[in-house]
Amino acid sequence: MQATELKQTPQPRPSDGRGSAPEPMGEVDPERPGRFSLQKIWVCLPFAVKLALSTSVLISLVMLLLGALIIENQNRLLERNMHAFGRTVLQQVVESAKEPLLANDGLLLQVLASSLTESEQIIGTELYSSEHGLLARAGISPFQPGAPIAGRGADFLDENEHTLDWEWFRLSGEKLEAMTFTAPVRFRDTRVGFAAVTLSRELMTSTLRESVRSIATVTLSLLAVAITLSWFVGRRLARPIRNLMAASRAIGHGNFDYRFTERRADEVGHLMQAFNSMAEGLLQKRQVEAALSRYLPPEVARRVVEGLEPVELGGTQAQGSVMFVDIVDFTARAEALPPEAVAALLNEFYSSISTAAGLYQGTVDKYMGDCAMVVFGVPEADPDHVFHAIACAVFFQRLAERLNAAAGAGTTMRYRIGLNSGDMLAGNIGTQQHVQYTVVGDSVNLASRLCAVATAGQIVINEQMLGTARWDDRLRLRPFGSIRIRGKSKPVSTYLVEGLAPAYEKRVREQIAQVLASTDSA
């Protein structure tokens, strides 16, 4: 005997009247701002949040896959059980209906059909006679008027067994899902009728629905637990990363003393040790740079430490200005003072020169006893190095006046200054055993000679230093005359710098006030 199965499927929905189905969505354009924003948000999320989200998504996918497998297996098991139960009931009906069908006893057949439909799962029973047609019906049948297979009973009431899986949307709006089993009734190899038993799929559907609900509840519970645990685990795992971030910020702010004291044997521990070694190297580099800055211009010291400036003899041509500052009558004063007092006077002089140079982009090239040499425009180029050099000289003389006024008679220090600008050679001068970064050239020598001809409180500059530009709005100058300089065949025209324009003098006074205030507070 052959079994067949009929499945009722929903009909396609009516067209929307526009003649075409909606177009499928294409791939997301990677250049769209939305996708870029999502990636940007993901990159900015903390590590703990990323771990919690990743764990949650992974657990959700696993639980969904596991739930789908469980539901599919349970659906198959329920289908097999329903088929087995339906065939068992149908076989019992066939055996019980043989004699009543032979006797054409409709009353007994109706009692048999009605007694079966009293079961919760059996919702319909039909018994047909081969000669007289339908003799008994109880409950619901797919062949009754208005049912999905009404009028097609002859297609399924034949020599074969059939299984009909069908749905019925009744007038009340209730959806009925059922399965009908049919089989012929034979008595001694003679077909005497047919039997049909209809089972409700409600029990199987409710069982599946309950399974889905249980799996969803378990999934959500595990998801909540996973998010909580992954959050705490992520925060704990991210703690070393946060510490590394704090350490990198500390290094970025110049705190090279930052060290990790935690000892770990994992990869993070090795990273912490490497960070400590890096911080130690940066600290040593800063200490070396600070030490070199005492003997070299700061920019040169930085380049030497960074390896950008190879220590080679020689130099390059540069345009710059040079200022020589000399203490007047220092030799006579030093003879009457003890060495400690002489050293104190020189240290005060050197400190004032260093402060003035720093304010006007100058670099102290060297100290030579009671004389200091400051360069401008070297090693860093400065297009306004001429004015900066002259302004620095004025600032230094004004500062000396304020310090002398505060010191009182007998302890005053007076200075003479010479300046010049022009081409010079800037680089490492000396031997392979001892190198000094400095500037040399005729312009440098002339600045030294001008310092020698100046008197106390004077600032002497070369006329060529001014060039062809007018300086009336920045400087106050007075011709000093032509001076014969040793080593020069022609006289050198010079000027005395009496001061700066009012606006610049005001700025000088403000700077001196700030310097004195910081000195008093220290």
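## A walk through the cores and rings

Let's start with a group of rings: Phe349, Tyr350, Tyr367, Phe396 and Tyr415 make up one aromatic cluster. Here, rings of Phe, Tyr and Trp (its six-membered ring) pair if their centres lie within 6.5 Å; planes under 30 degrees apart count as stacked, over 60 as edge-to-face and the rest as tilted. By that rule there are 9 aromatic pairs. One of them is tilted: Tyr360 with Phe395, at 6.0 Å centre to centre and with 55 degrees between the planes. Tyr360 sits in the loop between helix 8 and strand 8 (362-368) while Phe395 belongs to helix 9, so this pair ties together parts that are 35 residues apart in sequence. Both Tyr360 and Phe395 are buried, where buried means under 20% relative accessible area, exposed over 50%, and partly exposed in between (1.4 Å probe, protein chains only).

A word on what you're looking at: this is a predicted model, where local features need pLDDT of at least 70 and side-chain atom pairs count only at pLDDT 80 or more, while totals for chains, interfaces and linings use all residues. Residues are numbered from 1 along each chain as its sequence is written, and side-chain values use heavy atoms, with hydrogens and water left out.

Stepping back, the chain has 11 helices and 14 strands; these are DSSP runs numbered from the N terminus (helices H or I, at least four residues; strands E, at least two). Of its 522 residues, 37% are buried.

Now for the inside. The largest nonpolar core holds 45 residues, and Met323, Phe349 and Leu419 have the most contacts inside it. Such a core is a set of buried Ala, Val, Leu, Ile, Met, Phe, Trp, Tyr and Cys residues joined through side-chain atoms within 4.5 Å. Helix 9 gives the most to this core, with 12 residues. A second, separate core has 26 residues, among them Leu101, Ala113, Leu116 and Leu199.
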